[in-house]
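The structure is shown first.

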Amino acid sequence: MKMNTRIISHEFDYHAPDTIREVLEMLDQHGSDAKIIAGGTDLITQMKMGKRTPSHVVDIRKLKDLRYYVEGAVIKIGAGNNFRSVMEHFANNVPCRGLYEAIYSIGKTQVLNMGTIGGNLSNGSPKADTAPPLLTYNARVKLLSLKSERLIDLKDLHVGYNKTVMEENEIMTEIQFDALPKNTAGAFEKKARVGSDISKITCAVTVTRDNDVCRNCNIALGAAAPVPMRAPVAESIMKGRPFSDQLLEDTALQVGREINPPAYGRTSVEYRREMVAVMFKDGFKRAWEQAGGDK
Amino acid sequence: MMEKNKFNAVSKITRRKDGMAKVTGKETYSSDVRLPHMLYARVLRSPYPHARIKSIDTSEAEKMGVVCITYKDTPDFKYNERQVSIPEKTYRDRNVLSEKAHHVGEGFAAVAAKTEALAEKAVRSIKVDYEVLPGVFDPYEAMKPGAPKVYDEILLGENVLPIENNIACKRQVSEGDVEKGFAEADFIFEHEFKTGRVYHAQMETKSVVCRPEPDGGITVWPTTQSIHNTRQLLGAIFDIPLNKVNVHRVAIGGAFGSSIQMNTCIPISVALALKAQKPVKLSLTREEDMYDHCKYPSIIHLKYGLKKDGTITAGEMKTVVDIGGHNIQAYPLLGCMSGWFVSLYRMPHLNFEGTAVYTNKAPGCAMQGYGNPQVSFAVESMIDMIAEKMGMDAIQLRLKNYVGLGETFWGQGPTVRSIIRSCGVEEMLLKGKDMIEWDERIKPEMKTGRYRRGVGVARGFHTSGTGAPTPGEVIDYSTAMVKVNEDGSVDVSTALMCHGGGTLEAIAKIAAEELGVPIDKVGISPSDTRNTGYDVCTHATRGIYCGGASVQRAAKKAKERLLEFASRLIDVNPEALKIYPEEGTGQGIIYLPGTLQKNISVGEVAKMAQLKGWGTAIGVISHRQVNCPPCFVTNFIEVEVDTWTGEIKTTRAVAAVDCGTPVNPDLAAGQLEGGLCRGIGLALLEDTEYDTESGELTCGGTFVDYKFYTPVDMPPVEHVRTFFATTYEPTGPFGAKGVGEAANNATAAAVANAIYNAVGIRFAEAPMTPEVVLAALQKQAGVEK
Ligand SMILES: Cc1cc2nc3c(=O)[nH]c(=O)nc-3n(C[C@H](O)[C@H](O)[C@H](O)COP(=O)(O)OP(=O)(O)OC[C@H]3O[C@@H](n4cnc5c(N)ncnc54)[C@H](O)[C@@H]3O)c2cc1C
């Protein structure tokens, strides 16, 4: 039992710089010895369990420059916004309903207040609840280092179980996506053991509707593979077709086929496959209703 | 019978005396105790479920300037952390530190250092050469010849007890002739039930601070439900006279039974403190705590014989309990399980056989209900199955056979028998039935659609304490001191513990009621073992019934003295005087009923008695209750099954208790709600699984993956309804019985019965997770997989 979750067993230096630039300098200086801390809701747990032992912890919570929203043709979310703020920001946003519901499902009060959207994505977990809805929006993330700034597709961020393409000296500053078309709505479905819990499996659906025709049906899944994933084949079944119950069933079955869950985790592969089909249908129906147009 | 509204303090809703400290974070728990020069301890624990130490090297740790002890340095003394049984029935299989691990997490060595981080570093530097032994994780495997032996021998009392086939102990109880009873039956029913290895998940992990004293004694601030048992055991292990072992009562952050025993971290900190000659604190991490104890899981085989008219002719229960790596209280557990079985329904002929088996897992110990939720899950599920097969209403079958008023009750096992003198079973079943609209129930076959609701009922009970007319195998008595101060206020001193449920609040009310002073005038004194008489433990749902009874008697003595003083002052025979709490002055007023003159306040009398040198109005008493009356419970639960996902939500619940007079009505209702929450968890969610390769918990020992329900998982507040049966227990303080453990005894079966009513599938194994439920639904629907 080489673990002590009462304390952080190893020593480290704590830094709380005032500017992004200082943060980037520190990351450059300390390389793999440094870790960013935002809300700490993942990092502290990992440090207590001895899974991460950074000798420098760089706190970005003070940085107002990471807490902003921009509305318009491109919607921009500062990576330092905490869950509560993002949830409140999107509370009445019908197209982005999936993101709202995903955050609503997280932790509860303390985690909503502490956890950040940037931390959720940077942590790299396939279970990150904000990833599936953002994937259905074709979101991009902005990564910044002293020497470069790059904008990458969110779908390319996660490259393996708990792995991202982010460099040690990079921070995530922003999440952005193109404003969603009208007659769009979304939903997020989560199966977990208890009300506030890490997921067994999740499914986000974002639907654009043209009367009876499903113009677009973007589907993304969490904890369904080593990385958060889209289900392109299933999406193509729905896309451009008039809605029918049969089509819904066919798509649901395909979502089940498309996932690639690991044999470990919080439920069985079998159960995950069966659940995504149900969750997709539940999510789709709610989104479809909300997306408006004639029934 | 005294009516509720005649009470001045009892049954009133008050602001808890410890409430302000708790909600503002000012309460001192044992992990908050900080002393000058205090060191922090960490324990080297076994990574293997079954291993022996070949050699151990602490030199690296010692170089770090820490104090280090190993199993070689601790007393050669086998102990059982539970001190409630008489010595002849106490199974002793552990040492302060062990040279053999019986489960992952067993302690071999410990260090104390200036910081916890340094202690952690030092403990990790200890080198151990292990002989890893094959482990055994299944009780049936463990009983097979040739299975790995968890123990060769242990001590029973002072005698060596060889352990055969890993059987820790057995118990058999029978009455009448069970074969004859089954022969007389028209129908025989048999089924097997299982419940999981639930973790207590008490909020505060176990913790302790020990200070060595210059006179060779020790002072201890532990997490415990019994300061006196902790003291006695420490005295025995370390050979210190009891007057030099002082154990303080510290607020506890939840218990559920996890600290009934003297926790194993306590003697480790004592050993370190004695060596360091400095105070030492040892606070368990959550993962250590999860490897330290769990609820006893159960496998219960039931058989009942019934006449056509629904009368039970005979019953038999066979149980196998996987107790894990230590025998903490398996022997009394089996006795109690027989008692829980026998006292639910009348059986002229009966047989009980219980076997407790060692395995290489975290040891089982008492947890809310002590085998009772397990037994009630089996029996109350079975009663529903029988009712269904016989075409009887499940409530009628219960009413026909339950053990009630005037009947013999042996809830705490065969050696603890008494007669039931208060019983609200029928009232709760009939009232609850209306509240949940029982008669609207339809059969599962008639339900269609994805979401199906069902309603289930189950009964249960717990004993209030373990008292009986004759001393049995279990010790039960309490000591209290009540004194009237010179301003009319009152101090109550007792070693009784409150686990957060409001026991001491009730104690204050009982003292106030008996003395006739306002509740605000009563204070609960801090206590330690030097300044209080013995109290066995706050366990067995005995706090109010047993502890309260002793306080009531002590208060009565103090009152007698007070009235005697008053009689000298106002010239009235003391027997004629009464006391009532006057709101305006906030004083108890001594008066002669029927007259307006001759009034004098309690404060004035106490002050005059002091000035005149008459003495203090004080009462001290040690009292044993000679009954342990059942506090009955009834749960009605509605569930909604999602037949597409196997998920189950509880949507409505009615929880009723017959606790006699509810001394703290709001807190007792809270107990019912808490009991529901844990009971639903037992039914649907909670269990600790083991990896049989590594012997580790698959949840890793943290709350990331050990889950229990919280308010968000409960039915909406407006759909959780509680009520009290209107009974009065003649042997209890102001008619009171217990609540605590009873609260969750009926719940798991009520959930299982509700699921049956929803979808027509009988789940006999808990937890009924969505995965299990979905598979069963698909099997029922004939889905090929
Ligand atoms: C009780 C509890 C419940 C939880 N429930 C859920 C849940 O339901 N769903 C869910 O998805 N998660 C859940 N989590 C996990 C966690 O809260 C989220 O992943 C959260 O978003 C992490 O954000 P943070 O700001 O706390 O990240 P931190 O812990 O501060 O950081 C996480 C990781 O990301 C890195 N990082 C953080 N911000 C940046 C940045 N701007 N740029 C570069 N790297 C960065 C850190 O270095 C670290 O490696 C739960 C956690 C707890 C403790």
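## Cysteines

Across all chains, the search of the whole structure gives zero disulfides, a disulfide being a pair of cysteine sulfur atoms within 2.5 Å. The sulfur of C214(A) has its closest cysteine sulfur in C217(A), 4.9 Å away, which is too far for a bond. C265(B) is also in no disulfide, and the nearest cysteine sulfur, in C210(B), is 11 Å away.

C214(A) is buried at 0% relative accessibility, and C265(B) is buried at 1%. Buried means under 20% relative accessible area, exposed over 50% and partly exposed in between, with a 1.4 Å probe and protein chains only.

## Ligand shell

There are 29 residues around the ligand, of which I36(A), A38(A), T41(A), D42(A) and T116(A) come nearest; a residue counts as near if one of its heavy atoms lies within 4 Å. The shell divides into 13 nonpolar, 10 polar and six charged residues. Ala, Val, Leu, Ile, Met, Phe, Trp, Tyr, Cys and Pro count as nonpolar, Asp, Glu, Lys and Arg as charged, and the others, Gly among them, as polar.

In chain A, β2 (34–37), α6 (117–122) and β10 (171–178) each supply at least two shell residues. Helices (H or I, at least four residues) and strands (E, at least two) are DSSP runs, numbered from the N terminus.

## Backbone atoms at the ligand

Oxygen atoms of the ligand lie 2.6 Å from a backbone N or O atom of I36(A) and 2.7 Å from one of L43(A). A ligand nitrogen atom is 2.8 Å from a polar backbone atom of M172(A).

The protein buries 88% of the 980 Å² that the ligand exposes when taken alone, by the Shrake-Rupley method with a 1.4 Å probe.

## Conventions

Residues are numbered from 1 along each chain as its sequence is written, with chains lettered from A and ligands numbered from 1 in the order written. In this predicted model local features need pLDDT of at least 70, side-chain atom pairs count only at pLDDT 80 or more, and totals for chains, interfaces and linings use all residues, while side-chain values use heavy atoms, leaving out hydrogens and water.

Technical notes
Polar contact = N/O pair within 3.5 Å; in protein donor to acceptor, adjacent residues only side chain to side chain.
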